[in-house]
Structures are given as structure tokens and as C-alpha cells.
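I opened a new page for this protein.

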Amino acid sequence: MTLEYDNIFDVTSASLEQASRDKKRSDLMVKIHEVFDCKSAPIKNTVNTLGITPSQARNLIRGDIVKFTEYELETFLHRVKLSTN
């Protein structure tokens with residue numbers, strides 16, 4: 001049996017619109033984790049670099065996409081890119 005999906009969230013989300021938003025947030029989270037080593041960096045470093053609370057930093061480290069909006073993740077990605085230049 002072969003399953004083919006362009007977006008796995010099409011299966012898990014209540015609507016196609018929600019699936020699209022979930023995929024976008026997931027893609028942004030992956031990009032953040034590619035650019036910034038969230039897992040091995042101390043939480044204090046993540047907090048200072050991104051200007052977020054420790055609770056938000058923990059959610060980001062876990063990759064918890066439902067805790068963030070697309071705008072927040074785009075902002076975090078922008079801040080990470082600025083800090084690495």
C-alpha cells in the first residue's frame with residue numbers, strides 16, 4: 001500500500017486551510033532549527049538571541065508548532081539570521 005501526500009497535515013488537520021498553516025509553521029520551525037542550534041544552545045542563549053521567554057524557548061526547542069503563529073516563527077527566523085551574520 002502506497003500513500004502519497006504532498007502535505008501530511010492534510011490528513012491530520014480539520015481543514016485544508018489549517019493543514020496549509022500547519023505545514024508553513026512546520027517548515028519555518030525546521031528552518032529555525034537548521035540555522036540555530038536550539039537543542040544544544042543554553043536556553044538563556046535562545047532567550048537572548050530571539051528575545052523570547054524561557055517558556056517560549058522550551059516550546060521552540062521541542063518544535064511545538066502549535067504554540068506559535070506563522071508571524072512569530074518568521075520573526076524568530078529573521079532574528080536568528082541576523083544573529084548569525
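**Rings.** I began with the rule for ring pairs: rings of Phe, Tyr and Trp (its six-membered ring) pair if their centres lie within 6.5 Å, and planes under 30 degrees apart count as stacked, over 60 as edge-to-face, the rest as tilted. I was working on a predicted model, where local features need pLDDT of at least 70, side-chain atom pairs count only at pLDDT 80 or more, and totals for chains, interfaces and linings use all residues. Residues are numbered from 1 along each chain as its sequence is written, and side-chain values use heavy atoms, with hydrogens and water left out.

How many aromatic pairs does a search of the whole structure find? I got one. The ring centres of Phe-68 and Phe-76 are 5.5 Å apart and their planes stand at 85°, so I noted the pair as edge-to-face.

Next I checked burial (buried is under 20% relative accessible area, exposed over 50%, partly exposed in between; 1.4 Å probe, protein chains only). Phe-68 has 3% relative accessibility, so it counts as buried. Phe-76 is buried too, at 4%.

**Core.** I looked for a nonpolar core, a set of buried Ala, Val, Leu, Ile, Met, Phe, Trp, Tyr and Cys residues joined through side-chain atoms within 4.5 Å. The largest one has 18 residues, and Ile-32, Leu-60, Leu-73 and Phe-76 have the most contacts inside it. At least two residues of this core come from each of H2 (16-35), H3 (43-50), H4 (54-62) and H5 (70-84). H5 gives the largest share, four residues. Helices here are DSSP runs (H or I, at least four residues; strands are E, at least two), numbered from the N terminus.

**Leu-77.** I picked this residue of helix H5. Which residues does Leu-77 touch, leaving out those up to four places away in sequence? I listed Leu-28, Lys-31, Ile-32 and Val-35; contact means heavy atoms within 4.5 Å. Leu-77 and Val-35 are 42 residues apart along the chain, yet their C-alpha atoms are separated by 8.2 Å. Leu-77 has a relative accessible area of 10%, so I marked it buried.

**H4.** I found Ala-57, Asn-59, Leu-60 and Ile-61 buried in H4. The buried residues of H4 pack against H2, H3 and H5. After H4 comes Gly-63, with a positive phi near 75°.

**Confidence.** Last, I read pLDDT, the predictor's confidence in each residue, from 0 to 100. The protein's mean is 84, and 85% of its residues reach 70 or more. Where pLDDT is low, the predicted coordinates should not be read in detail.
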